[in-house]
Amino acid sequence: MKTPLTSIEEVLKEVHTQRPNADEQLIRNAYEFAKKAHEGQKRASGEDYIFHSLETARQLAYWGMDIETISAGLLHDVPEDTQTSLSDIQKNFGVGIAKLVEGITKLGALKYRGRGEQNKYVENLRKMFLAMAEDIRVIIIKFADRVHNLQTLQALPEKKQYRIALESMEIFAPIANRLGMWDVKGQIEDLAFQYVLPEEYQWITRKIARPLETKKIYLEKIQKKLETIFKEKNIKYRVIHGRTKGLFRTYKKALRKNRDITKIYDLVALRIVVEEVAQCYSILGVIHEYWKPLKGRIKDYIAQPKPNLYQSLHTTVFCDLGEIVEFQIRTKKMHDEAEFGIAAHWRYSEHEKVSPRWIKKQLSWMDELVKLQKEIQSDESFLESVKTNIFKDHIFVFTPMGDVIDLPEGATPIDFAYQIHTDVGDKCCGVKINDKIESLKTRLKSGDVVEIFTDKNRKLPSPDWLNFVITNSARNHIKSALKKGERQKVRTPISV
Ligand code: MN
């Protein structure tokens, strides 16, 4: 899929749609700075690199993010891919923006290597992704970045396409879901689908093409009819539009229905967006006055939100000519929250001119987590484990290859070495942390890149290590290696 090239003027237009009073100078400065830094660089798709930065920023503006975040979106690949450093960004744009860009750069160091050690690994990576991003806006920038990368994935070699698409499905989509960004989740899944399961993608695309077209034409008529009814009855609403179910979600539903497409009634649904909650219920009444609802298909997710906080009224009715149609009725706020999830908080915080304290609270990553944790009860195990494991006693460090190693807080390079392999531990002779030679006693921090040097002639670990390692596995390995060494020492003189 080819996306049209975005200009800075288009980004600013989007900014002003969401935030009419926004000061655009900062964004213009960030654009000029990024353009200069990326000068001469091309994307794999052949475009100038800056278009990727612009597309990332446009997406953030569309989600209603604040000016700092949009500027950081423009700058997000500068330290990673150019001669310009993070401290240059800090000098020009301040600590706030520099911190966001630093967060993105750190996340970029992660490499996902497929299902390797199964769910635990994926789960760890998800947790770490969340933990590393102290500011949730970092994750939101990462989503914008990823959506554009997926849109331009065609240009990459096949192996890379698969890796990025799989990572998107297994790491990004579930996180978007946890943060309530269902629209982003759907986009990511639909874009990745064709690379992860190409044959299934072909199958479902072909299978639904005809019914989708028929249903769309039919629903246009129903929509016109509904608009007339609302006019006659003087019923107010903001907008009615058709919404097409995401391709990947359709596919999953098809699997649940034994691949029988005719059993999927909501390939396209009609969505009605209104101002007030009360209007949702009166419109539901009007729809039922004209068309008979299917038994058990009236869902009041306003009074009883879904576990993921989704709110709307859904009803499925026997419509004109006996066609089955789903209607979704919701307020604008419910709609924005369904579409933008956690990002909607920024949108609303600016528009409603709420107190700085409230905004600060929204910006606080911990607060968000705690809030989510309280609200998403059915999902508590995930968030509970994020909170207890990550923030209390775990750190996540990287190998130079970008693999993630999960260690208890206070762990040293020796603990790290044994975590990788017993042999790496036993033969460890030095360490570089973030490219600097450090002592083997150094306490590691989350995000450190740790490179162990080994000496293949080394026979035994040092007994001194027992004084500072903190993991049981390192301690046990050192002890048993030393014991074995002792026995060999005793034996050697006899055999000579
Ligand atoms: Mn990028």
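**Salt bridges, a metal site and the cores**

I shall begin with charged side chains: R243, K245, K253 and D266 are joined to one another in a network of salt bridges. Please keep in mind that this is a predicted model. In total, the structure contains 22 salt bridges.

Let me take a few individual pairs. R259 is paired with E200, and their closest N and O atoms are 2.6 Å apart. Because R259 sits in the loop between α12 (247–256) and β2 (268–274) while E200 belongs to helix α11, this pair ties together parts that are 59 residues apart in sequence. R259 is partly exposed, at 36% relative accessibility, whereas E200 is buried, at 18%.

Helix α11 takes part in another such pair. E323 forms a salt bridge with K215, with 3.7 Å between the closest N and O atoms. E323 lies in the loop between β5 (313–318) and β6 (324–331), K215 lies in helix α11, and 108 residues separate them. Here E323 is partly exposed, with a relative accessible area of 33%, and K215 is buried, at 13%.

The bridge between E337 and K333 has its closest N and O atoms 4.0 Å apart. Both residues lie in helix α14 (residues 332–340), four residues apart, or about one turn of the helix. E337 is partly exposed, at 31%, and so is K333, at 42%.

I turn now to the metal. Which residues coordinate the manganese ion? They are H52 and H76, each through NE2, and D77 and D145, each through OD, at 2.1 to 2.2 Å. Along the chain, these donors follow the spacing H-x23-H-D-x67-D. D77 is found in the loop between α4 (67–75) and α5 (78–81), and D145 in helix α8 (residues 136–151), 68 residues apart. Are these two aspartates buried or exposed? D77 is buried, at 11% relative accessibility, and D145 is buried too, at 6%.

The largest nonpolar core has 101 residues, and W63, L75, F143, M181, I272 and F327 have the most contacts inside it. Helix α11 supplies the largest share of this core, ten residues. At least three residues come from each of domain 1 (8–193) and domain 2 (199–347). M181 touches, among others, W63, I140, F143 and F340. A second, separate core of 22 residues includes I395, F416, V431 and I452.

Finally, the cysteines. The count of disulfides is zero. C428 is buried, at 0% relative accessible area, and the nearest cysteine sulfur, that of C429, is 6.4 Å away.

Note on methods. Residues are numbered from 1 along each chain as its sequence is written. This is a predicted model: local features need pLDDT of at least 70, side-chain atom pairs count only at pLDDT 80 or more; totals for chains, interfaces and linings use all residues. Side-chain values use heavy atoms; hydrogens and water are left out. A nonpolar core is a set of buried Ala, Val, Leu, Ile, Met, Phe, Trp, Tyr and Cys residues joined through side-chain atoms within 4.5 Å. Buried means under 20% relative accessible area, exposed over 50%, partly exposed in between (1.4 Å probe, protein chains only). Helices (H or I, at least four residues) and strands (E, at least two) are DSSP runs, numbered from the N terminus. Domain bounds come from an automatic or database domain assignment. Contact means heavy atoms within 4.5 Å. Donors are N, O and S atoms within 2.8 Å of the metal (3.2 Å for Na, K and Ca); water is not among the atoms, so sites may look incomplete. A disulfide is a pair of cysteine sulfur atoms within 2.5 Å. Lists of a residue's contacts leave out its neighbours within four places in sequence.
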